[in-house]
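User: I'd like to go through the labels on this model one by one. Please set each value against its cut-off.

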Amino acid sequence: MATKTVYYIEGDGIGPEVWKAGRPVIDAAVEKAYGTENALDWQLLLAGERAFKETGEHLPKATMDALANAELAFKGPLNTPVGKGFRSLNVTLRQVFDLYACIRPIKYFKGIESPVKRPDLVDMTVFRENTEDVYAGIEYQSGSPEAKKLIEFLVDEFGAKIDATAGVGIKPITPAGSKRLVKKALDFALEQGKPSVTLVHKGNIMKTTEGGFRAWGYELAEEEYKGRVVREGEDGEGVIIKDRIADAMFQNVLMYPEQYSVIATTNLNGDYISDALAAQVGGLGLAPGVNMGDKLAFFEPTHGTAPTIAGKDMANPGSLILSGAMLLEHIGWHEAANLIHKAVEKGLADKKVTVDLAAQISGSTQVGCREFGEILLGNL
Ligand code: NAD
């Protein structure tokens with residue numbers, strides 16, 4: 001019998017209610033697929049507001065110690081209180097465990113009204129680099145001593161043209177950081193039988209950073225994937241690797257979604273493109289995700305704590321349930337993952353859905369979070 005330990009954090013806001021509705025669906029899918037052969041062993045960890053109430057810390061040491069040895073973890077959304085001196089818990093977790101790949105599958109479910117003509121052609125997985133780029137936090141405010149000093153240095157030493165009043169930010173992109181992200185995307189495409197990997201960059205303008213990402217991506221394919229990956233336009237067998245400039249890519253995914261499958265991109269591009277793609281297929285309530293490092297895969301619904309509907313039995317547990325399906329695929333339990341996808345498809349076709357989806361499915365009846373979970377459970 002295979003038992004996989006999954007450390008989980010309930011999260012704040014709608015976190016506890018989507019867990020309550022969603023986890024039974026994930027467990028039941030495993031049971032239906034494998035009987036008592038396979039099971040998930042869920043271990044609760046404290047984080048966020050509940051942890052603060054019970055231990056006086058938002059990220060207790062016991063939680064961090066358990067995660068340091070974990071391979072699978074799963075979290076609900078965590079609040080980032082606005083105010084000084086409070087670092088985002090999500091960012092802290094990503095940095096401490098070096099979760100460098102943010103992975104989001106974007107797939108259409110029949111029945112959802114979409115703003116595009118052929119949402120059914122959208123079946124993409126975005127691999128977004130999670131640790132570098134202008135998100136690295138190396139930035140200085142306009143007029144600050146740091147900004148002034150940096151600008152002076154660039155002007156004096158390199159003859160750069162920058163106004164002395166500019167706010168400045170640094171965009172570090174490394175060969176190693178780019179290659180490990182592209183590697184995750186290529187491995188995924190090969191394992192899951194996907195047709196192509198597209199490197200998305202703005203290297204025509206930012207040659208040393210975004211252009212570097214493109215060049216290092218191709219370099220990795222050449223060095224480590226010979227015979228298994230083939231460059232667009234060249235003869236050969238295998239997963240096609242190609243690249244697109246980011247602005248063109250935003251047009252292409254709208255006009256020719258069938259041409260794109262796995263997307264590997266830098267942090268800022270990835271942030272934009274994953275939300276734009278999610279909007280093409282129905283938004284946050286059905287958007288799963290994972291942040292992955294070399295050891296730990298940390299699954300999460302991509303929505304936040306939705307404070308205005310928290311505690312009202314209105315939240316959609318679909319995003320958490322589909323994140324569960326991603327976890328099952330990650331560990332190779334594909335039969336259970338497929339059961340979840342089918343259950344969600346049937347749930348949407350039957351048109352008894354939570355408020356967010358009801359707004360996008362004409363003729364639908366609105367049900368609560370708990371009832372939607374029960375419907376999906378019954379659909380397995
Ligand atoms: P949000 O995702 O919480 O809400 C955006 C909108 O979507 C709201 O209208 C909300 O009601 C709706 N919504 C979100 N999830 C839903 C669901 N499952 N079912 C139905 N409707 C849903 O984003 P926000 O309002 O920008 O952020 C609120 C809080 O969540 C902030 O503190 C933010 O920092 C945090 N947040 C956390 C994460 C995370 O932990 N990964 C991600 C995003 C935001």
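**Labels and cut-offs**

Analyst: Let's start with His-303, which sits in the loop between strand 13 (297-301) and helix 10 (318-330); helices (H or I, at least four residues) and strands (E, at least two) are DSSP runs, numbered from the N terminus. Bear in mind that this is a predicted model, where local features need pLDDT of at least 70, side-chain atom pairs count only at pLDDT 80 or more, and totals for chains, interfaces and linings use all residues. Residues are numbered from 1 along each chain as its sequence is written, and side-chain values use heavy atoms, with hydrogens and water left out.

User: Why is His-303 called buried?

Analyst: Buried means under 20% relative accessible area, exposed over 50%, and partly exposed in between (1.4 Å probe, protein chains only). His-303 has a relative accessible area of 10%, so it counts as buried.

User: What makes Asp-313 partly exposed, and what is its phi?

Analyst: Asp-313 also belongs to the loop between strand 13 and helix 10. Its relative accessibility is 32%, so the label is partly exposed. Phi is near 55°, a positive value in a residue other than glycine. For background, most residues other than glycine have a negative phi.

User: Where is Lys-351, and why is it called partly exposed?

Analyst: Lys-351 is in the loop between helix 11 and strand 14 (352-353). With a relative accessible area of 33%, Lys-351 is therefore partly exposed. Lys-351 has a positive phi too, about 65°, although it is not a glycine.

User: How do you know that Asp-271 and Arg-128 form a salt bridge?

Analyst: A salt bridge is a side-chain nitrogen of Lys or Arg within 4 Å of a carboxyl oxygen of Asp or Glu. For Asp-271 and Arg-128, the closest N and O atoms are 3.6 Å apart, and the pair qualifies. It links distant parts of the chain: Asp-271 is in helix 9 (residues 267-281) and Arg-128 in strand 5 (residues 123-129), 143 residues apart. Arg-128 is buried because its relative accessible area is 8%, while Asp-271, at 24%, counts as partly exposed. The whole structure has 21 salt bridges.

User: What makes Glu-54 and Arg-50 a salt bridge, and where do they lie?

Analyst: Their side chains meet at 3.1 Å, N to O. Both lie in helix 2 (residues 48-55), four residues apart, about one turn of the helix. Glu-10 joins Arg-50 and Glu-54 in a network of salt bridges. Arg-50 has 35% relative accessibility, so call it partly exposed.

User: What about Glu-222 and Lys-226, and why is Lys-226 called exposed?

Analyst: Those side chains form a salt bridge at 2.8 Å, N to O. Lys-226 has a relative accessible area of 62%, so it is exposed.

User: Why are helix 1 and helix 11 called oblique?

Analyst: The axes of helix 1 (residues 15-34) and helix 11 (residues 334-349) come within 8 Å and cross at roughly 125°. Axes are lines fitted to C-alpha atoms, for helices over the stretch in contact, and angles run from 0 to 180 degrees between N-to-C directions. Angles under 35 degrees count as roughly parallel, over 145 as roughly antiparallel, 65 to 115 as roughly perpendicular and the rest as oblique. Helix 1 and helix 11 are therefore oblique to each other.

User: Which residue of helix 1 can you place for me, and why is Asp-27 called partly exposed?

Analyst: Asp-27 is in helix 1. Its relative accessibility is 25%, so partly exposed it is.
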